[in-house]
Amino acid sequence: MQRALPVGAMILIFFSSWGGGGGGGGDTSQGNGGPPIATVSAAGSITQDGATLNGSVTPNGLATQAWFEYGTDDSLSTFTATAMQSIGDALSAAPVVQPVSGCTGGTIYYVRVCGINTKGTTKSTIASFTTSSPGAAPTVDTLAASSVAATSATLNGNVTPNGLSTTAWFEWGTNPTLASYASTPVQSLGSGTTSQLAIAALSGLSTGTTYYCRVAASNSSGTSKGTIVSFTVIPSQPDPGVADIRDEFLATVNQARSVNQVCGSTPFGPAPPVSWSENLAMAAYLHSEDMALNNFFSHTGSDGSSAGQRISRQGYPWRTYGENIAVGYPTVSSVIQGWLGSEGHCRNLMDPAFTGIGAGYAIGPFGGNPAARYWTFDLADR
């Protein structure tokens, strides 16, 4: 949910709960004991009669069960449900994975991941995959770019040859529709009937630039092109917003994690130190910049993106993630103290499951301050 900013010195948000004098908002928490958060991901290991369904569900502190619903109806008004699986009661996102079989070859299937706890049921948006069809044109699926750095990135995609000798390549560029593009060298993926991973490394990219890409493949039955995905190359020295806080932020977080903390009414023992990730830092910085430029305060970006989607765009292959946001705090120490004083955000910061962090801020108007800092703090594990 996205809201215009009220007047005030500092602000706290838990998706739908507003108040003053706190710090940030926890994307892995909808307050204590909220309904689950469900996010579907691309299916993998696609064959003629099945695939592996992937997603994540955040329990929000309550015992939660998860499952998938899939079928050939694009609205999933009718569907097949997989068996429920228990994913615990953590505040961070838990992966949900389920192989399915018995599908029809050469058919588009639609899928969503679902979660239920005592506060309600949540169903994700609907994604799709196409089962392979022997003798048909290749089946392709563009995946998120990985190893995104200052001037380089690795492109990834799944290609199913469908029993015919198949070659694959990537098309990429700065045009969002790829009306014009460059192509990577062609690579041979054989003639099997299961999905194969296609990879291509790019170099010489322009820092801070958003690029678009898709996987393409061809065999004797035709050529297929995947959906277009984007990634933003990390500036080597983003300034201001990341470079000037990196060392202090990491040291302050690790100091807080090295001692006992009480998050609301829940005691936490010392947690292992985390390391800095430039990929997470860029995801955080870009969200802060979005909020500052567009005058809103929310975990949902102006383009409708979630924190998990923004982290994936930067090439971080997360298993779990969390996000805190804040506005109006002038320093690293003050914003971290604000989060430590708010239960959900404190629990994110102290969660031992997280191994990497990144943070950034951007300057924008807030209340009567024309140069307030909008903070984003992303935590994840890969």
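## Pocket, salt bridges and nonpolar cores in a predicted model

Helix 2 makes the greatest contribution to the lining of the second largest pocket, supplying 5 residues. The model is predicted, so that local features need a pLDDT of at least 70 and side-chain atom pairs count only at pLDDT 80 or more, while totals for chains, interfaces and linings use all residues. Residues are numbered from 1 along each chain as its sequence is written, and side-chain values use heavy atoms, with hydrogens and water left out. Helices (H or I, at least four residues) and strands (E, at least two) are DSSP runs numbered from the N terminus.

**The second largest pocket**

- The second largest pocket holds about 270 Å³ of space, a volume being the space filled by probe spheres set on grid points that are joined across faces, edges and corners.
- A pocket is an open set of points on a 1 Å grid over the protein atoms alone, where a 1.4 Å probe fits and where protein lies on both sides within 12 Å along at least five of seven lines; lining residues have an atom within 4 Å of a point.
- Of the 15 residues that line this pocket, Thr232, Leu286, Asp303, Arg310 and Arg313 lie nearest its centre.
- Strand 20 (229-232), helix 2 (278-294) and helix 3 (307-313) each provide at least two lining residues.
- The lining comprises 4 nonpolar, 7 polar and 4 charged residues, where Ala, Val, Leu, Ile, Met, Phe, Trp, Tyr, Cys and Pro count as nonpolar, Asp, Glu, Lys and Arg as charged, and the others, Gly among them, as polar.

**Salt bridges**

- The structure holds 9 salt bridges, each defined as a side-chain nitrogen of Lys or Arg within 4 Å of a carboxyl oxygen of Asp or Glu.
- Glu69 forms a salt bridge with Lys123, the closest N and O atoms being 3.1 Å apart; this pair links distant parts of the chain, with Glu69 in strand 5 (residues 64-71) and Lys123 in strand 10 (residues 120-123), 54 residues apart.
- Glu69 is buried at 3% relative accessibility, whereas Lys123 is partly exposed at 38% (buried means under 20% relative accessible area, exposed over 50%, and partly exposed in between, with a 1.4 Å probe and protein chains only).
- Glu171 and Arg214 meet through their side chains in a salt bridge of 2.7 Å, N to O, and this pair links strand 14 (residues 166-173) with strand 18 (residues 210-219), the two residues being 43 residues apart.
- Glu171 is buried with a relative accessible area of 2%, and Arg214 is buried with 12%.
- Asp381 and Arg319 form a salt bridge of 2.3 Å, N to O; Asp381 lies in strand 26 (residues 369-381) and Arg319 in the loop between helix 3 and strand 24 (320-327), so the pair ties together parts that are 62 residues apart in sequence.
- Asp381 is buried at 8% relative accessibility, while Arg319 is partly exposed at 44%.

**Nonpolar cores**

- The largest nonpolar core has 29 residues, of which Phe249, Ile336, Trp375 and Phe377 touch the most other members; such a core is a set of buried Ala, Val, Leu, Ile, Met, Phe, Trp, Tyr and Cys residues joined through side-chain atoms within 4.5 Å.
- Two or more residues of this core come from each of helix 1 (246-257), helix 2, helix 4 (332-340), helix 5 (343-350), strand 25 (356-366) and strand 26, with helix 4 giving the most, 5 residues.
- Leaving aside neighbours within four places in sequence, Phe249 is in contact (heavy atoms within 4.5 Å) with Trp276, Val332, Ile336, Trp339, Ile357, Ala359 and Phe377.
- A second, separate core of 20 residues includes Ala153, Leu155, Ala217 and Phe231.
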